[in-house]
2 protein chains.
Amino acid sequence: MLDEFDLIALLRERLEAAGVNAGSRVVVGSGDDAAVTDPGGATATSVDAIVDGVHFRRSTYPPEAIGHKALAVALSDLAAMGAEPGEAYVQLGLPADLEEAELLGIADGLGAVAATHGVVVAGGDVVGSPVLFVALTVVGHAPDADSLVTRAGAEPGDALLLTGPVGGAAAGLALLEGGELAFGVEPGIAEALRERQFRPRALLDAGLALARAGARAMIDVSDGLGADAAHLARASGVRIELELSEASVDIGVAAVAKAADEDPLEFAVSGGEDYELLAAVPQERLDEALEAVLRTACDPALVGRVADGEGVVLRGPTGREVSAGGFDQVRSRARGGPT
Amino acid sequence: MLDEFDLIALLRERLEAAGVNAGSRVVVGSGDDAAVTDPGGATATSVDAIVDGVHFRRSTYPPEAIGHKALAVALSDLAAMGAEPGEAYVQLGLPADLEEAELLGIADGLGAVAATHGVVVAGGDVVGSPVLFVALTVVGHAPDADSLVTRAGAEPGDALLLTGPVGGAAAGLALLEGGELAFGVEPGIAEALRERQFRPRALLDAGLALARAGARAMIDVSDGLGADAAHLARASGVRIELELSEASVDIGVAAVAKAADEDPLEFAVSGGEDYELLAAVPQERLDEALEAVLRTACDPALVGRVADGEGVVLRGPTGREVSAGGFDQVRSRARGGPT
């Protein structure tokens with residue numbers, strides 16, 4: 001195995017080949033004690049780690065998807081703030097049995113996502129570890145702090161906009177973990193669902209568009225639509241009413257749910273990892289927000305409203321109400337992870 | 001085991017009790033998709049991860065020392081930039097068998113270091129992991145990028161200032177890994193050496209003082225005096241001549257080296273993890289720099305000079321020369337880690 005310094009040089013080379021590391025805010029990049037940047041405004045910073053056996057499995061994930069997912073998931077938090085993506089810092093925990101090709105695949109995945117969004121990998125750290133992990137820190141920018149959208153500003157009367165379909169990432173995971181389920185699903189569709197799990201999109205353009213179109217509160221759907229709506233309701237001190245019949249569900253989720261003998265709504269509401277954005281938008285700016293999101297290659301839907309009170313009410317297709325409790329349990333089961 | 005959200009609430013409470021999380025640059029702290037800050041100048045950002053079995057052992061490390069070390073080691077990189085410490089972001093990978101008391105100990109160690117340096121823990125992430133890891137991201141500040149000191153500015157003729165003694169952390173590790181060595185060492189001294197390993201100091205005041213006193217290049221001694229001098233020489237395009245007889249060595253290192261049948265110079269030059277600062281200072285500002293460092297409760301020494309050329313020359317007490325090669329091998333052996 002290469003030593004730490006060789007590894008870092010190799011990773012840097014690979015990232016430069018992907019066309020990243022040429023950002024304007026970075027004064028001193030990777031290779032010194034710290035990276036130096038000149039933000040010139042407010043910053044949004046988020047951290048996110050993925051660990052083998054918990055958030056992915058080396059046995060089922062292509063290496064490039066591990067790198068892709070780690071960075072995309074972290075950037076999704078910046079999307080939910082309406083921030084412009086800036087820098088990423090990558091910490092890799094590498095087990096001794098990791099092959100060089102696997103490492104380069106991870107670097108390529110990171111590099112591809114960074115290049116897509118103009119993100120500079122400004123620093124990082126490589127350490128030995130009994131288990132593979134990828135821990136990301138991402139920094140986004142805005143002219144001032146008021147331009148960023150937290151979870152806390154939703155007001156009664158606001159509409160709830162969801163940027164796209166949900167359920168696909170959880171169905172993709174179910175296919176990965178239970179290969180036999182795929183017998184009930186058309187191969188092209190099964191592949192698309194696995195892609196939802198392997199290579200989530202960070203909706204940075206949509207987040208920026210929503211922030212500019214007046215979104216008052218925003219969150220990305222990582223824990224599941226129900227749980228994330230509850231986070232937003234709690235932070236804003238409001239009640240959220242979700243109409244599940246208005247949310248679109250990824251193609252194939254119903255087929256996977258049937259094969260797994262599960263309720264497709266569970267995938268949609270509790271599966272998580274969709275990384276669509278849920279935003280509270282004032283009624284008077286709703287048309288503007290919908291149009292702005294449509295221009296970013298998303299397929300938005302209005303999925304409910306903000307009301308006085310607290311908690312989340314979910315109305316299913318048949319009008320049945322489900323309370324906000326129990327999402328976490330369902331989520332853990334759907335994910336199969338020890339978190 | 002508590003779920004992710006309970007854990008985060010518990011950690012936040014613990015950090016607030018330690019008196020942190022009240023920083024002026026943080027507009028939105030922990031609990032949203034990202035932390036929002038208003039840097040108002042240049043930033044220095046560094047990441048550092050420590051992993052059980054590689055950088056520490058749960059079996060020999062008090063939990064509080066794990067938290068202490070993780071943050072101090074990360075902040076040391078900011079010290080080496082001459083940055084004012086600002087925010088920290090903590091990513092914890094927690095194995096299922098981690099007891100709540102252990103977790104709280106880690107949080108207390110993080111909180112104590114943060115409180116000492118006025119660092120705000122502005123965000124974090126808790127994930128399940130087969131192995132305990134603590135991955136830190138730290139952000140420091142300066143009025144502008146030119147106020148920060150990289151590894152790259154040393155010039156021929158500069159003096160080399162080292163802020164304090166070296167070798168102690170490696171001797172402390174040797175005592176932890178080979179308990180029988182302690183028979184040859186006075187108990188109070190053995191304890192002090194273990195402390196060097198458990199609870200390194202981040203020399204933020206000394207780093208800031210050196211930056212203001214005109215240091216042209218700086219690095220913290222994490223890999224070992226020889227290896228880190230080589231990093232500085234390479235980044236600056238100069239040759240570094242170290243006089244080992246001028247560097248002070250921690251009390252007890254000689255006794256541990258004797259008990260371990262090793263050369264005490266190996267601990268001092270190749271052991272690493274001392275987190276003292278090595279700075280290149282122009283001759284005309286040397287008195288000012290020495291005085292400024294003395295005022296920060298450090299014990300500085302002049303350990304050599306910068307010359308034309310490349311690489312590192314080490315002169316031992318008997319005048320023998322050692323070339324810069326081979327440090328990494330020695331270091332790996334001294335550390336006993338798989339990195």
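1. Helix H7(B) is largely enclosed by the rest of the structure, because 10 of its 12 residues are buried. The buried residues of H7(B) are Leu225(B), Gly226(B), Ala227(B), Asp228(B), Ala229(B), Ala230(B), His231(B), Leu232(B), Ala233(B) and Ser236(B). A residue counts here as buried if 20 or more other C-beta atoms lie within 10 Å of its own. This note concerns a predicted model.

2. The length of this helix can be checked. H7 of chain B covers residues 225–236, and at 1.5 Å a residue its 12 residues should span 16 Å. The C-alpha atoms at its ends are 16 Å apart, which agrees with that expectation. Just after H7(B), Gly237(B) adopts a positive phi of about 70°.

3. Two packed helices are described by the angle between their axes and the distance between the axes. In chain A, helix H1 (residues 4–17) packs on helix H3 (residues 100–117) at an angle of about 40°, and their axes are 9 Å apart. H1(A) is therefore oblique to H3(A). The crossing of H1(A) past H3(A) is right-handed. On the H1(A) side, Leu11(A), Arg14(A) and Leu15(A) take part, and they meet Leu104(A), Ala107(A), Asp108(A), Leu110(A), Gly111(A) and Ala114(A) of H3(A).

4. In chain B, the axes of helix H4 (residues 168–177) and helix H5 (residues 187–198) cross at roughly 105° and come within 7 Å. H4(B) is therefore roughly perpendicular to H5(B). H4(B) contributes Gly168(B), Ala169(B), Ala171(B), Gly172(B), Leu173(B), Leu175(B) and Leu176(B) to the contact, while H5(B) contributes Ala190(B), Leu193(B), Arg194(B), Arg196(B) and Gln197(B).

5. The next matter is the contact between the chains. In chain A, 55 residues are in contact with 55 residues of chain B. Several elements of chain A each supply at least two residues of the side that touches chain B, including strand E1 (26–28), strand E2 (35–37), helix H2 (63–79), strand E4 (84–94) and strand E8 (217–220). Which strand gives the most to this side of chain A? The answer is E3(A), with nine residues.

Technical notes: Residues numbered from 1 in each chain as written. Chains lettered and ligands numbered in written order. Predicted model: local features only at pLDDT ≥ 70, side-chain atom pairs only at ≥ 80, totals over all residues. Helix = DSSP H or I, 4+ residues; strand = E, 2+ residues; numbered from the N terminus. Expected span 1.5 Å × (residues − 1). Axes fitted to C-alpha atoms, helices over the stretch in contact; angles between N-to-C directions. Parallel < 35°, antiparallel > 145°, perpendicular 65-115°, else oblique. Left-handed = near helix turned anticlockwise from the far one by under 90°. Contact = placed C-beta atoms within 7 Å.
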